[in-house]
Amino acid sequence: MADEARRVISVIVINEASVLSRVTDLFSGRGYNITSLTVAPIPDTKYSRLTIVTSGSVHIMEQITKQLHKLIPVLRVYEHEDMVEKEMALVKFPITENLSDIDTLCQAYNGKIVNTGENIVIAMVADEPTRVNNFLKAIKRYNPKEIVRSGAVALER
Amino acid sequence: MQISGAQMVIEALIAEGVDTVFGYPGGAIMNVYDEIYKQNSFHHILNRHEQASIHAAEGYAKASGKVGVAMITSGPGFTNAVTGLADAYMDSIPLVVISGQVPMSLIGTDAFQEIDAVGISRSCTKHNYLVTDAKDLPRILKEAFYIARSGRPGPVHVDIPKDVTAQIAEFNYDIEIDLETYKPNVKGNPRQIKKAMQAIATAKRPLFYLGGGVINANAADEVRELVHKCGIPAVETFMARGVLSHDDELLVGMLGMHGSYASNMAMSETDLVIALGARFDDRVTGKLSEFAKHADVIHVDIDPASISKLVNADYPIVGDVKNVVNEMLAQVDVVNADKYATWRETIVNFEELHPLTYHEDSERLKPQWVIQRVGELLGDGANISTDVGQHQMWTAQFYPFSRPRQFISSGGLGTMGFGFPAALGVKAAAPEKVSINFTGDGSILMNVQELMTAVEKKLPVINIILNNNFLGMVRQWQTLFYDKRHSETDLSIQPDFVKVAEAFGGIGYRVHTKEEFDAALQDAVAKGVVAFIEVIVHRMENVMPMVPAGGSLYNMMLLEKKESK
């Protein structure tokens with residue numbers, strides 16, 4: 001499965017009940033895993049936009065794209081090639097860690113400390129998914145308590 | 001006007017011109033059945049199992065070209081219907097299936113006869129709806145019919161909770177369908193069509209590969225004209241039987257696993273496949289890498305997802321077959337039919353080398369004879385449905401089909417138990433034709449309760465049971481590929497089929513000889529009552545030729561040469 005490269009697909013769908021399961025069923029029915037999935041309404045329309053990160057061969061992706069198109073509530077499907085892609089991550093640290101180090105690291109990844117509590121701080125970064133990976137590696141030494149990633153969103157250039 | 005959800009269902013069916021509904025009542029759909037009781041606009045046929053209702057609606061849709069309609073209740077009523085939905089989905093049959101659901105307030109509470117119906121039907125329907133407010137019903141029902149019949153046809157499921165059928169709301173069916181996200185592309189790209197015609201003109205050994213889409217598009221007349229103007233031989237898929245008449249000299253035959261030698265060899269030798277409404281199913285192609293190896297491919301299909309799904313199309317044309325073929329006909333002058341004379345001869349030689357035939361047996365009737373004989377006696381006057389198995393393949397091979405919509409069978413899903421209820425639907429749609437169901441001793445028991453429907457509704461379907469006391473097709477594979485270990489396929493223990501038919505009020509015959517068969521068929525046609533004609537046939541007959549699963553089309557197992565008929 002050499003050509004099972006990472007793929008990013010955007011799907012524009014009518015914002016209605018059951019549409020998400022129609023889309024994800026196409027992946028699960030073929031035994032394909034979805035790496036990440038984000039959904040949000042498109043402002044001032046009746047549509048929502050899904051960004052799906054998955055992996056698979058060119059042939060399978062073409063099939064999935066066509067099958068997605070066949071779904072009645074699907075307006076458009078983009079298989080991204082040249083895109084701007086961003087993902088957000090939130091990380092919870094003990095307040096006892098070196099906060100200036102953490103803050104500096106965050107800044108390198110378009111982020112900052114966004115919340116402080118009695119015992120913890122929450123930091124946020126927003127960057128390309130591969131860079132978010134790097135960030136998450138770099139902060140390991142500061143004993144992150146909890147990490148949440150948003151999944152990628154993408155726009156074709 | 002302000003009416004209940006149940007009344008809306010009736011009004012919508014009337015507005016759609018529905019004349020026959022198949023179904024089975026139950027708790028959650030009772031409000032709708034109450035309205036069915038009060039109306040006189042359409043006929044309701046009570047099947048004796050929900051699966052049969054869907055198959056009957058399929059038979060009706062296939063024979064008539066209209067949308068078939070079935071109605072069922074929630075829970076087990078719906079789950080029984082799922083096989084039918086899947087069958088219709090695989091074979092692109094337009095259906096609207098309406099199911100009852102528990103009231104909205106009980107959904108998700110494990111209520112009596114509750115099941116997540118739309119969750120189940122999502123993967124085996126073209127589209128589905130859960131109606132949560134009666135005010136949406138007119139739009140949903142109108143969309144359901146439109147989606148079922150347009151583009152690549154298919155089943156649409158509408159699930160209506162019981163309280164929604166009782167709810168009063170405004171009904172106006174005179175609304176525009178506004179589906180921004182669903183606009184099937186029916187007109188083929190003119191540039192691609194032009195290129196395709198050039199490819200045909202320059203090909204040396206082109207071959208038409210006709211699929212069920214030709215029938216769905218009502219394009220058989222146009223396709224016949226195109227085939228003849230081009231002088232190019234044609235093979236048909238199982239689903240396309242009858243597009244060309246059996247006696248058409250350009251019809252090579254059926255291709256695929258049990259296709260004729262000539263058809264499979266033609267496909268292996270061709271340099272240009274002209275696929276019209278066909279989807280390169282694995283039972284057709286055999287080993288993909290060897291399929292039409294020397295050929296470029298023109299692929300015309302209404303469904304973009306079918307194009308280049310399995311075989312790469314060099315000339316993809318998304319569009320309705322009828323439109324595209326009409327465009328092709330307008331440019332047919334570029335094609336010189338004389339050019340393919342040698343190619344046509346080559347195919348005739350294939351046909352002569354290994355014709356589609358069988359060996360007679362002095363002891364027992366051969367199933368192929370029975371099918372041919374029905375063809376001789378009834379021919380065009382019969383509509384033919386089948387169940388699934390050996391008898392189905394023999395019917396596709398040996399019945400002399402002469403028109404589209406004459407042959408109704410379960411192709412994609414291969415559903416045993418399809419034939420009898422489908423034949424009831426066929427008879428309801430085309431009462432002037434004799435409705436024959438070729439079946440086997442295995443298949444017939446999978447919807448045998450429909451004898452009751454046939455008797456009650458006076459639908460005189462003639463079931464010809466080719467009885468070899470085996471689950472024949474599985475037995476054939478066991479004989480050929482499992483060293484004759486006939487695991488659980490010996491059906492020697494059987495009911496008395498004559499008595500079964502009679503017990504329901506039908507008529508039964510058991511025949512052993514040709515004379516007995518002729519007499520039984522003539523009697524059954526004359527009596528006009530649902531019939532079982534049980535024909536005792538040779539037990540070990542195999543369907544030949546055969547391309548073993550995964551093999552290449554040109555490596556067929558062939559009928560052993562003997563003094564043939």
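**Exercise 1.** Find what the buried residues of α10(B) pack against.

*Solution.* Start with the helix: α10 covers residues 220-230 of chain B. Helices here are DSSP runs (H or I, at least four residues), strands are E runs of at least two, and both are numbered from the N terminus. Next, pick out the buried residues, meaning those with 20 or more other C-beta atoms within 10 Å of their own, C-beta atoms being placed from the backbone. You get B:A220, B:E222, B:V223, B:R224, B:L226, B:V227 and B:C230. Now look for their partners in chain B: α8 (190-202), β9 (206-210), α9 (212-216), β10 (234-236), β12 (272-276) and α13 (321-330). Finally, peek just past the helix, where B:G231 has a positive phi of about 65°.

Keep in mind that this is a predicted model, where local features need pLDDT of at least 70, side-chain atom pairs count only at pLDDT 80 or more, and totals for chains, interfaces and linings use all residues. Residues are numbered from 1 along each chain as its sequence is written, while chains are lettered from A and ligands numbered from 1 in the order in which they are written.

**Exercise 2.** Work out which elements of chain A touch chain B.

*Solution.* First, count contacts (C-beta atoms, placed from the backbone, within 7 Å): 15 residues of chain A meet 11 of chain B. Then sort chain A's side by element: α1 (19-28), α2 (58-70) and β4 (74-79) each give two or more residues. The largest share, five residues, belongs to α2(A).

**Exercise 3.** Locate the two domains of chain A and say how far apart their C-alpha centres lie.

*Solution.* The domain assignment (bounds from an automatic or database source) gives domain 1 (5-81) and domain 2 (84-156). Their C-alpha centres are 28 Å apart.

How values were computed:
A residue is buried if 20 or more other C-beta atoms lie within 10 Å of its own, exposed if 12 or fewer, and partly exposed in between; C-beta atoms are placed from the backbone. Two residues are in contact if their C-beta atoms, placed from the backbone, lie within 7 Å.
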